[in-house]
Structures are given as structure tokens and as C-alpha cells.
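Here are some short notes for a first look at this structure. Please keep the viewer open while reading.

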Amino acid sequence: MPRHLYGAGEITTRLGVSRQRARQIIDRPDFPQPYDRLGMGAVWLKAEVEAWIREHRPHLGEADDEEQPV
């Protein structure tokens, strides 16, 4: 997956939560809308998800591109 996109798995890893909790967060009205929907599922723009994290989960800090799944 391109580095500028996150799938649900990347969001789960980035937030450090279970898949079920990630789904609850993704379904929140204040979470960014998916950029597109592919056969594997929805994808989000990394920049939009990171902006949401900075606002709503500032304790998580900035994404470390070296540690993020591709």
C-alpha cells in the first residue's frame, strides 16, 4: 500500500488498539472519511488520519514512518 494511505490495519497499529476499537473510532463522525474503497476495504489519507490523531490523541505523538506498516 502506498505510504500516503492507511488501511484499517495501519490505523489499528498506529492507535495501538484492537480491531474492534479501531472500528469504533473509524465510525465516529469526527474521524476522516475514507479517501476511497478498494477490494480490501476502505483507505484513508495518512495526512488526514495523522491530523485527527494530533487533535484527538496527542499523546501518541507523530508517526514514525520507519515503524509504520507499508
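**Notes on helix packing and the core**

1. Start with H1 and H2. Their axes cross at roughly 105° and come within 9 Å. An angle from 65 to 115 degrees counts as roughly perpendicular, so H1 is roughly perpendicular to H2. Keep in mind that this is a predicted model.

2. Which residues make this contact? H1 brings Ala-8, Ile-11, Thr-12 and Leu-15. H2 answers with Arg-19, Ala-22, Arg-23, Ile-25 and Ile-26. Sorted by class, the contact of H1 with H2 holds six nonpolar residues, one polar and two charged.

3. Now turn to H1 and H3. Their axes lie 12 Å apart, and the packing angle is about 25°. Angles under 35 degrees count as roughly parallel, so H1 is roughly parallel to H3. The crossing of H1 past H3 is right-handed.

4. On the H1 side of that pair, look for Ile-11, Arg-14 and Leu-15. They meet Val-49, Glu-50, Trp-52 and Ile-53 of H3. The contact of H1 with H3 has five nonpolar and two charged residues, and no polar ones.

5. Next, the core. How many residues make up the largest nonpolar core? There are eleven: Tyr-6, Ile-11, Leu-15, Ile-25, Ile-26, Phe-31, Ala-42, Trp-44, Val-49, Trp-52 and Ile-53. H3 gives the largest share, three residues.

6. One point of background. Nonpolar side chains tend to be buried together in soluble globular proteins.

Note on methods
Residues are numbered from 1 along each chain as its sequence is written. This is a predicted model: local features need pLDDT of at least 70, side-chain atom pairs count only at pLDDT 80 or more; totals for chains, interfaces and linings use all residues. Side-chain values use heavy atoms; hydrogens and water are left out. A nonpolar core is a set of buried Ala, Val, Leu, Ile, Met, Phe, Trp, Tyr and Cys residues joined through side-chain atoms within 4.5 Å. Buried means under 20% relative accessible area, exposed over 50%, partly exposed in between (1.4 Å probe, protein chains only). Helices (H or I, at least four residues) and strands (E, at least two) are DSSP runs, numbered from the N terminus. Axes are lines fitted to C-alpha atoms, for helices over the stretch in contact, and angles run from 0 to 180 degrees between N-to-C directions. Angles under 35 degrees count as roughly parallel, over 145 as roughly antiparallel, 65 to 115 as roughly perpendicular and the rest as oblique. A crossing is left-handed if the near helix is turned anticlockwise from the far one by less than a right angle, and right-handed if clockwise. Contact means heavy atoms within 4.5 Å. Ala, Val, Leu, Ile, Met, Phe, Trp, Tyr, Cys and Pro count as nonpolar, Asp, Glu, Lys and Arg as charged, and the others, Gly among them, as polar.
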